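Good morning, and thank you for coming. I would like to take you through one chain and its ligand, step by step.

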Amino acid sequence: AGGAETRPFAADVAQILKLMVHSVYSDRDVFLRELLSNAADACEKLRHLSLIDDTLAVGAEPFGIVIEVDGDNGTLAVIDNGIGMSREELTENLGTIARSGTRAFVEALSKKEDGSALIGQFGVGFYAAFMVAKEVVVTSRRAGAAEAWTWRSDGAGTFTVEPAGDDAPARGTRVTVVLADDARDYADAFRVEEVVRTHAAHIPVPIAIRTAGSAESRTLVDGTALWTRSRSSVTPEEYAEFFKTLAGETTDPALTVHYRAEGRQDYSVLAFVPGRTPFDLFNPDRKGRMKLYVRRVFITDEAALLPGWLRFVRGVVDSEDLPLNLSREMLQSNPLIDAIRKGLTGRILTELEKLAENDAASFLKIWDAFGAVIKEGLYEEPDRRDAIFKIARFRTTRGEGWRTLAEILADKKENQTALYYVLGESEAAVATSPHLEGYRARGIEVMLLTDPVDAFWVQTALGYEGKPFRSVTQGSADLDQIPLTAPQEGGEEAKAGDVAALVALVKQSLGDKVSDVRTSARLATSPVCLVAPEFGPDRQLEKLLSRSGE
Ligand code: ADP
Ligand code: MG
């Protein structure tokens, strides 16, 4: 362009740009997020400044962002009416990699470290546009300024700045991306709409889209993030609708948790327990689905914001403190994320406990759908075991209904030293187990554990309130100390000598198929049953293990 001044980028931007195009983000869509978040920042900045500086009167026009797509020319423009940039600011902000994190990145690069591994850790922001651009043209008018300027670069190492033409915005910035040949789909309104919904649906400034040459525009984002509103201002219908769009669900959530954490870290949470079991609940990847936002900008749904045993919880965490560009490693282990996970896990458990107290029917629906997953926490997170035991519900030999451990413990029999359970594949199958006869005859309540996970947590859970968990199929039943409640049918007691002779005979004929043959108080009407040794795996666990080994 005639009369334009050509300058080199201050840091080695060209080197970064080249790396970025090839490796930074696996997902090129994020360039639009970066441009939209800059545009929103510019609006927020002016909104704030105009409150403290009267020369920056903003007038009646509301803050907003327009995306203009032009399929014929293969361009996409992001237009905002925010603070804008002066000539100096264009040079400074877009010609220097100014952010501290990025500067550190450049230094690391010059020490010849592996750039592709490093790059994701640092914000590249605006430069992400070069992932999809042949050229980027930025025309900007600083709020209150008479003149406007145009910045232009192909990302190859230099940029130019020149006075803008008549089409400069009255206030704010227009970033025009001249799309590379392999990126022309970003000039398609539907494609762009999809990207906005995924990556920018909750940016706090309204976003509209229009096609070049058309006066009509369509609102894509209304500019309010639901979770930033106060709980009292959001209706149950709004929560439900948000949950359904977020989770792709058709049913209402069973529990909504909305709060703001303040203190060492500030973040907002809007989380939901779905109203039904999703089909992929038992996928082996056990991935959670919480979305992480940083200051209203979507970052990822891969951050470890909840433990695997709460993977069914859907929702949003919006942090005020995390950096916008988080590397994969940071998402998995980062002190800030760890602290959020801890706080969020505790909060969800408390909310479930409250629901169990205040609305038992709703809670039991949740337990019915997700109890099998929550119980994974009993062995994965020993620190949470007590809290999970508080909300855990069990089917027992008492019959219909769910029972808590506290209830089972309170109803224990005289001399009962353990909490008993039977493992099996279904309630119907275990309820008729001969192993239960001796317990029935003594009125002892036995937990019927039929989820695969049960075989694991009972091994590690140690016990509840000082009482160990003990399988009815395992070892000596130590039932002799507990009195029978019903008189035994079948008449006279067998003579001790006869019993010993019978045991010897059975032992001889079974040989080493069994390790021992014993008399037991375990049975009432059945003559014999198989039991596992006292200090070995339970029979149900053995079955599970041998099956998974196939
Ligand atoms: P960051 O947004 O993290 O500061 P970017 O690379 O995205 O980094 O942007 C660099 C700088 O350019 C911003 O800090 C801002 O000063 C300026 N900038 C970018 N886009 C705009 C815009 N639309 N309006 C005003 N300033 C902008
Ligand atoms: Mg930015």
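**Confidence and overall layout**

The chain has a mean pLDDT of 84, and 82% of its residues reach 70 or more; pLDDT is the predictor's confidence in each residue, from 0 to 100. Please keep in mind that this is a predicted model, in which local features need pLDDT of at least 70, side-chain atom pairs count only at pLDDT 80 or more, and totals for chains, interfaces and linings use all residues. Residues are numbered from 1 along each chain as its sequence is written, while chains are lettered from A and ligands numbered from 1 in the order in which they are written.

For the complex, the predictor gives an ipTM of 0.99 and a pTM of 0.64.

Two stretches call for caution. pLDDT stays under 50 over residues 98–102, and also over residues 115–123. Where pLDDT is low, the predicted coordinates should not be read in detail.

The chain contains 18 helices and 19 strands. These are DSSP runs numbered from the N terminus: helices are H or I, at least four residues, and strands are E, at least two. Of the 550 residues in the chain, 36% are buried. A residue is buried if 20 or more other C-beta atoms lie within 10 Å of its own, exposed if 12 or fewer, and partly exposed in between, with C-beta atoms placed from the backbone.

Let us turn to the ligand. Which residues are closest to ligand 1? They are Asn38, Ala42, Asn93, Gly125 and Phe126, out of 17 that surround ligand 1; to be near, a residue must have its C-beta atom, placed from the backbone, within 6 Å of the molecule. Helix 2 (30–52) and helix 3 (87–95) each supply at least two residues of this shell, and helix 2 gives the most, with five.

Next, helix 9. Its 24 residues, 335–358, should span 34 Å at 1.5 Å a residue, and its end C-alpha atoms are 34 Å apart, which agrees; the expected span is 1.5 Å times one less than the number of residues. Among the buried residues of helix 9 are Ile337, Arg341, Leu344 and Thr345.

Finally, consider Ala372, in helix 10 (residues 360–374). Why is Ala372 classed as partly exposed? Ala372 is partly exposed because 18 other C-beta atoms lie within 10 Å. Leaving aside neighbours within four places in sequence, Ala372 is in contact with Asp451 and Val453, contact meaning that the C-beta atoms, placed from the backbone, lie within 7 Å.

How values were computed:
Two residues are in contact if their C-beta atoms, placed from the backbone, lie within 7 Å.
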